[in-house]
Amino acid sequence: MRTIHRKIFYCFFVMFVLMLSGTFVNVQAEEYVSFSVKAHLPENQLNKENSYFDLRVKPQDEQLLKTEILNHENEEITVKLSVRNATTNQNGMIVYEETEAEGESNHPRLTELVTFEEEEIVIPGGESKIVSAKLKMPDEEFDGIVLGGLHFEKVPKEETDIDGLAIQNKYAYLIGVVLSENDREVVPELEYVEATADIVNHRTASVITIENKSPIIMEDLTIKAKVYKEDSDLVKETKLNEVNMAPNSTMDVVVDWENHPFEDGKYYVEVKASHPSNTWEWEDSFYILKKDATMINSHAVKLEEPETFNYFILVTGIILIGTIIGLLVYIYKLKHVKK
């Protein structure tokens, strides 16, 4: 009898712990890399130890940037070739994604200076090929740097179907390209662009856009942003540390409203960006119209509402605890009657 009671108690205890912990294990498989790339560094490479193109160039220069693509598979593969500009994402990281041009700029962009001779190349199994990208510098000299990369992406032959879902594996490499014409010092320059209400990752948020106007990488920035309602009440705020901005790029600073719905009215923003060389501060206002608030709220995935899920767990936990206590009392009474 005592053994049975212990087993019942143990089962309920395990159920209770599992209900409250909700622990899951995620297993990931290691994937095989089917190809690789290697830059053939030219004579005007500034630092021979870098594996990317770090070139000192002059106005009107023309040259070929050569890269070797090695196919590690037994079958032939097709690789798509493209040129990417360096941009800055919402997390304050420099990325090389396929995006539209970020407005007008007097400073050249890599996509304006470098083009591949072909869009795709087929490489037989176990072999390698060298591809060339043509660089043509503008007539006028520039200070600072041009930053971007050469992008190599394997064209998938087929999609993998898992439980009715089409999954396409993508393999890509990027070789960075840095172009400079002189060593003149460039003064960092940040500029405030605008503040808007929007949806980010299916959640309501204020989006504050700032721009790095200088042709240099803006490193180790700290950005603080606050949003106030018209009555001066603080709505939300955020802080980003160790932000790096690509040259001549914009960045969206996202102030998450944490599932709170938008209300129409006038709002104010305060933004402070701190850099080892300077500090910038801006204040601005923006409006949320009622129709816009309704539209954005309707597209948000989960606005603030009673936490039914947490309430369910709480009630379930109370029931289980009560059951366990009842079992303990029952077991105690049985022992008492037996004695």
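Visitor: What do the buried residues of H3 pack against?
Guide: They pack against strand E14 (190–200), strand E15 (203–212) and strand E20 (278–288). Contact means heavy atoms within 4.5 Å. Buried means under 20% relative accessible area, exposed over 50% and partly exposed in between, with a 1.4 Å probe and protein chains only.

Visitor: What kind of model is this?
Guide: This is a predicted model, where local features need pLDDT of at least 70, side-chain atom pairs count only at pLDDT 80 or more, and totals for chains, interfaces and linings use all residues. Residues are numbered from 1 along each chain as its sequence is written, and side-chain values use heavy atoms, with hydrogens and water left out.

Visitor: Back to H3. Which residues are buried there?
Guide: Helix H3 covers residues 290–299, and Ala293, Ile296 and Asn297 are buried in it. They sit on the same side of H3 because they cover an arc of only 100 degrees around the axis. That arc is taken from the directions from the helix axis to the C-beta atoms.

Visitor: And which exposed residues are on the face turned away?
Guide: That face of H3 carries Lys291, Thr294, Ser298 and His299. Helices (H or I, at least four residues) and strands (E, at least two) are DSSP runs, numbered from the N terminus.

Visitor: New topic. What is the strand order in the open sheet of four strands?
Guide: The order is E1-E3-E9-E7, with antiparallel pairing. Strands pair if DSSP finds at least two bridges between them. The edge strands are E1 (35–40) and E7 (114–116), and each pairs on one side only.

Visitor: How many bridges join E1 to E3?
Guide: Six bridges join E1 to E3, which spans residues 62–71. Ala39 stands opposite Thr67 in E3. E3 is also joined to E9, by nine bridges. There, Glu68 stands opposite Ile130 in E9.

Visitor: What about E7 and E9? How many bridges there?
Guide: Three, in the antiparallel sense, with E9 at residues 128–136. Phe116 stands opposite Ala133 in E9.

Visitor: What order do the strands take in the open sheet of five?
Guide: That order is E2-E13-E10-E4-E8, with mixed pairing. Its edge strands are E2 (53–56) and E8 (120–123). Inside it, E10 (residues 145–154) and E13 (residues 172–180) pair in the antiparallel sense over nine bridges. Phe152 stands opposite Tyr173 in E13.

Visitor: Which strands form a hairpin with four residues between them?
Guide: E16 and E17 do, and Ser232 in the turn has a positive phi of about 75 degrees. E16 is residues 218–229, E17 is residues 234–245, and they pair in the antiparallel sense over eight bridges. Ala225 has Thr238 in E17 as its bridge partner.

Visitor: Now the aromatics. How many aromatic pairs are there?
Guide: The count is six. Rings of Phe, Tyr and Trp (its six-membered ring) pair if their centres lie within 6.5 Å; planes under 30 degrees apart count as stacked, over 60 as edge-to-face and the rest as tilted. Trp257 and Phe262 form an edge-to-face pair, at 4.6 Å centre to centre with 70 degrees between the planes.

Visitor: Are Trp257 and Phe262 buried or exposed?
Guide: Both Trp257 and Phe262 are buried. Trp257, Phe262, Tyr267 and Phe286 form one aromatic cluster.

Visitor: What lies over the face of Tyr267?
Guide: Lys229 does, at 5.0 Å from the ring centre. A charge sits over a ring if NZ of Lys or CZ of Arg is within 6 Å of the ring centre and within 35 degrees of the ring normal.
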